[in-house]
Amino acid sequence: MKPVKVGICGLGTVGGGTFNVLKRNAEEITRRAGRAIEVVQVATRALNPNCDTSDTLITDDVFTVVTNPEIDVVVELIGGYTIAKDLVLQAIENGKHVITANKALIAVHGNEIFAKAREKGVCVGFEAAVAGGIPVIKAIREGLAANRINWLAGIINGTGNFILSEMREKGRAFEDVLKEAQALGYAEADPTFDVEGIDAAHKLTILASIAFGIPLQFDKAYTEGITQLTTTDVNYAEKLGYRIKHLGVARRTEKGIELRVHPTLIPADRLIANVNGVMNAVMVNGDAIGDTLYYGAGAGMEPTASAVIADIIDVARVMEAEPEARVPYLAFQTDALSSLPILPITDCESAYYLRIQASDNPGVLAKVASIMSERGINIESIIQQEADEQEGKVPMILVTHRVTESRINDAIVALEALDSITGNVVRIRVEQLTN
Ligand code: HSE
């Protein structure tokens, strides 16, 4: 069979990894794909010193790749929403298959990109957009296709997990760990995307669409980062038998889909609570299979290249098949996508960890308990620490049962209005990750 001709746009961390692994494993890849995969052109503004591109046509204009008549598959690894979007849409217009690791692009413009790709009968692969090298899109889209997915929850930002792990295990400062993640090539060009949860929300948006068969709706995802977390809460969480992880949670409820990214206490004995460093993990619960867990490197040169190349191999196998015979982009047939709404965060349900600074006076605990019970909020556990000798304040930690966010917000307003409570109540969501 004729080789598949590939053009790579971007030769940075992921582009360089893709170029090298394609070369190194060419024989093994050909045996799998049934045909050779040849990189015929690379677009990059600067050569990557880790790649031997001496035999490869190099351009500094990405658009020459999408107009190159020789190229079957365009691999978009430049990132961002603007040039990348034009590049991908032009490639599709020119009848080229597209592989991308760009989660922002797919989460924000995926509906338009897939519509165009359907019209032109081309494939769009985006396995590398979520959880780096972990083949979680393939697992949900194909491996779990028999299931009604109930929920999924994932540690899907390696940089954030690396920061939280180093802070917890080594007591390192936030900024210091972030700098290391940037030097290692894990962090986004704008690292606020990592620490404010935007990158995780992009990935969660994609996962939710393929899990529940809904259009991509990044603008409706609730996003809260890790920048406000303190070691005080990390330590209290440990004492209560929990770990704090930055989780993306997507859950199907009768009223709609919960789509939320935020720091979360999870029981320390869950496998996912022990996923540390830059590693990612996604738990998916399906009605037939129950709980499943997908674990691996969520960022980095060759792990992400592994997912990019798996997509290229998939395209090589099916590019001559009828488009109807291919796996749908969002796992469900386009005319079968559901209009189930994404719920506002106030309608989402979770358990909560609350930390309160209370005066060391009689009756405070009773007042706190009555605010909770008046709102039907069940308290699962409560710890009262010894009073701070200088300030006379007592840290009080409550863990509630599941309740809607609007109800806990109402309770927090009432708690903060008490004379015997100082400052703001710290609120972190708690997930047991069971049905
Ligand atoms: N910045 C991302 C992360 C890279 O840290 O997970 C992989 O998407």
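**Helix pair.** I began with α5 (residues 103-120) and α10, which pack at about 55° with their axes 8 Å apart. The angle makes α5 oblique to α10, since under 35 degrees counts as roughly parallel, over 145 as roughly antiparallel, 65 to 115 as roughly perpendicular and the rest as oblique. Axes are lines fitted to C-alpha atoms, for helices over the stretch in contact, with angles from 0 to 180 degrees between N-to-C directions. Helices are DSSP runs (H or I, at least four residues), numbered from the N terminus.

**Basis.** I am reading a predicted model: local features need pLDDT of at least 70, side-chain atom pairs pLDDT 80 or more, while totals for chains, interfaces and linings use all residues. Residues are numbered from 1 along each chain as its sequence is written, and side-chain values use heavy atoms, without hydrogens or water.

**Ligand shell.** I listed the residues around the ligand (a heavy atom within 4 Å): Lys103, Asn157, Gly158, Thr159, Tyr186, Ala187, Glu188, Asp194, Asp199, Lys203, Gly298 and Ala299. Both α7 (158-170) and α10 (198-212) supply at least two of the shell residues.

**Polar contacts.** I looked for N or O pairs within 3.5 Å. Lys103 has a polar side-chain atom 2.6 Å from a ligand oxygen. Glu188 places a polar side-chain atom 2.6 Å from a ligand nitrogen. For Asp194, a side-chain N or O atom is 2.7 Å from a ligand nitrogen.

**Cover.** How much of the ligand's accessible area does the protein cover? I found 92% of the 250 Å² that the ligand has on its own, by the Shrake-Rupley method with a 1.4 Å probe.

Conventions:
Polar contact = N/O pair within 3.5 Å; in protein donor to acceptor, adjacent residues only side chain to side chain.
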